[in-house]
Amino acid sequence: MKYHYSLTKGLSSTQIGIIVAVVVIIIVIGVIAGVTLTKRPTTTTTTTSTMPISSVSSSVTPTTGPLVFYTWWATEGKIALNHLIPVAESQTGLQIQPNVVPGAGGTNAKYAILALIEAGKPPAAFQVHFGPEMISYVEAAPNGVKSFVNITPYAQQWGLFNNAVYEVLQAGSFNGTLLSVPVNVHRGALLYVNVQLLREYNLPFPYNFSTLVYDTVQLAKHGVYPWIVPGADGGWDQLNLWEDIFLSLAGPQLYNEMMYGTINLNNATVQKLINETNYWFLNFTSYDYPGWQSMTWTQGLTLLVQGKVAFQANGNWLTNYAYDFLNTTAYPPLPQYIDNSSVTLIESPFPGTQNYYALVIDSIGIPVGPQQQQALQFAHFWSSYQGQEIWTKWKAVTYYKNATDWFNTPAQWYDYQQLINDSAHPQDFVYQLSDGGLFDDVFAEMDSGLLTLQQVGSPGLSVWNSTLYSAMHEEEQEWLAAAKIGLGYLGFPGHPFANYYPPWVKDPAAYELKSSSANSTDVIIPILLIAGVLPITNQLSRIYFNKKYVMRLNK
């Protein structure tokens, strides 16, 4: 098999030895603290790395054969893969073999991947959501974080720190350490609307929550089923709706506290918000389309496009599915589209969340093993500007700051523009709970709890509230376990995701955690510079030397 990048090309044996040693050091130190970034990148020029992709562990013998990639992309993601993989194979010389385990939001694939990792036989590469979900695999792996390639130095080499929206990188970095490669940005917390139904009954577009309630009641009075909240995805659709209502009512900080499990459920204000969320969840689901129990999200969207229901809460993968399979284009919630009689499908932020951006980021996890070099080659192409243009034309949007409108639908371009504009307001980002924002076991617990709540109705509220308390406690405990190995929050030192540090970062002693005074840049940067791997003009280099200069002045 041909390799697109050569380890030895243009390097002496001494340099090779240094680079291998450096990468090993990066892994060890990255586990503790990650690569520290003290300033947000400002460069927007797209760069193409000339660095060779090297094996992270010199003790691993590379193997040939197909690169098996585990994924749950069975619908619109499969269409996008069909466009990406032939080009990736021609560019890298790899043979790439997707292994698809269908299930909305990875409800089935996650556990297949976890089982392989626990058995010490991980796939060569696998789909994973950025965010807390990745730590679930770290916890399951026999060698913990050392079982996975530390992506941080590669992301730096490939230019992502300069060219990607910073909040996207924050959302998958654990205390500065990236453990997977982002490949696209989806937007969650969306409401899909059949606008023709609203026009037919002369109803206003639901830009705010009270209008959504009004429209729901009025549609029902006209004999129309307002909602489709499918039940055959194991509770994933229910969690989508519940979390969207909560974000609308409570705002991003409490939502992000829920992601960490630190939300104070005993606080009177929080209790009121939870009770309101439960009330409206039960209200909207009481108008669910008959037979919802056996339907999936794709069947639900089909009903919506056909005009049998008006509303479906989900993420913008529905936009790609409608385009690929239903011959329907989704448009953003702008008056020229809402008032256009030829437009059927509107993709809109869930009412009350217009100023927030719910991130759902697909990424590639790469276990340490005999095919890690091939997996890195695949990930490098996928995350490149060329790879992004091919892939995100068909799925989600890119995180590159200087993209053009290559997307299939106007809704995608709108989501991309909002991603770029919202980056000026980092506190308004959240990571969607139902798609990577929770640890896998907590995700399953909340899915099941909300599916049961919809089935049982109001009598099930006490059980659901108990489930929520249990889930939040477990979420916090798993984050604390991650903190013990240096992965205790999303973001970079000095720049946490959504400007929020969980309390154990601010006061580690209160949680019986040790605070590390060592800074990984003090060790990594000099070695990278000596090896000739990191240019002296690089941002990390500047941070290092600026820091040392200030220290000398203070002596």
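A residue is called buried here when its relative accessible area is under 20%. With that cut-off in hand, the reader may turn to the model, which is predicted.

Confidence comes first. The mean pLDDT of the protein chain is 83, and 80% of its residues reach 70 or more. Two stretches stand apart from this picture. Over residues 1-61 the pLDDT stays under 50, although the model has 155 contacts beyond four places in sequence for them. Residues 516-555 also have a pLDDT below 50, with 62 contacts beyond near neighbours in sequence. Where pLDDT is low, the predicted coordinates should not be read in detail.

The largest nonpolar core holds 167 residues, of which Trp 227, Phe 246, Leu 359 and Trp 382 touch the most other members. In soluble globular proteins, nonpolar side chains tend to be buried together.

The model contains 43 aromatic pairs. One of them joins Phe 209 and Phe 284, with 5.8 Å from centre to centre and 50 degrees between the planes, a tilted arrangement. Phe 209 belongs to helix H9 (residues 209-221) and Phe 284 to helix H12 (residues 268-285), so this pair ties together parts that are 75 residues apart in sequence. Phe 209 has a relative accessible area of 13% and is therefore buried; Phe 284, at 0%, is buried as well.

A further pair brings strands into the account. The ring centres of Tyr 357 and Phe 429 lie 5.8 Å apart with their planes at 35 degrees, so this pair is tilted. Tyr 357 is in strand E12 (residues 357-365) and Phe 429 in strand E13 (residues 429-431), and the pair thus links distant parts of the chain, 72 residues apart. Both Tyr 357 and Phe 429 are buried. Elsewhere, ring pairs join Phe 174, Tyr 260, Phe 439, Trp 479, Tyr 500, Trp 504 and Tyr 511 into a cluster.

Leaving aside neighbours within four places in sequence, Gln 418 is in contact with Tyr 357, Arg 187 and Pro 349. Gln 418 is found in helix H18 (residues 410-422). Its relative accessible area is 17%, so Gln 418 counts as buried under the cut-off of 20%.

Note on methods. Residues numbered from 1 in each chain as written. Heavy atoms only, no water. Helix = DSSP H or I, 4+ residues; strand = E, 2+ residues; numbered from the N terminus. Buried < 20%, exposed > 50% of the residue type's maximum accessible area, 1.4 Å probe, protein only. Contact = heavy atoms within 4.5 Å. Core = buried A, V, L, I, M, F, W, Y, C linked by side-chain atoms within 4.5 Å. pLDDT = per-residue confidence, 0-100. Phe/Tyr/Trp six-rings, centres within 6.5 Å; stacked < 30°, edge-to-face > 60°.
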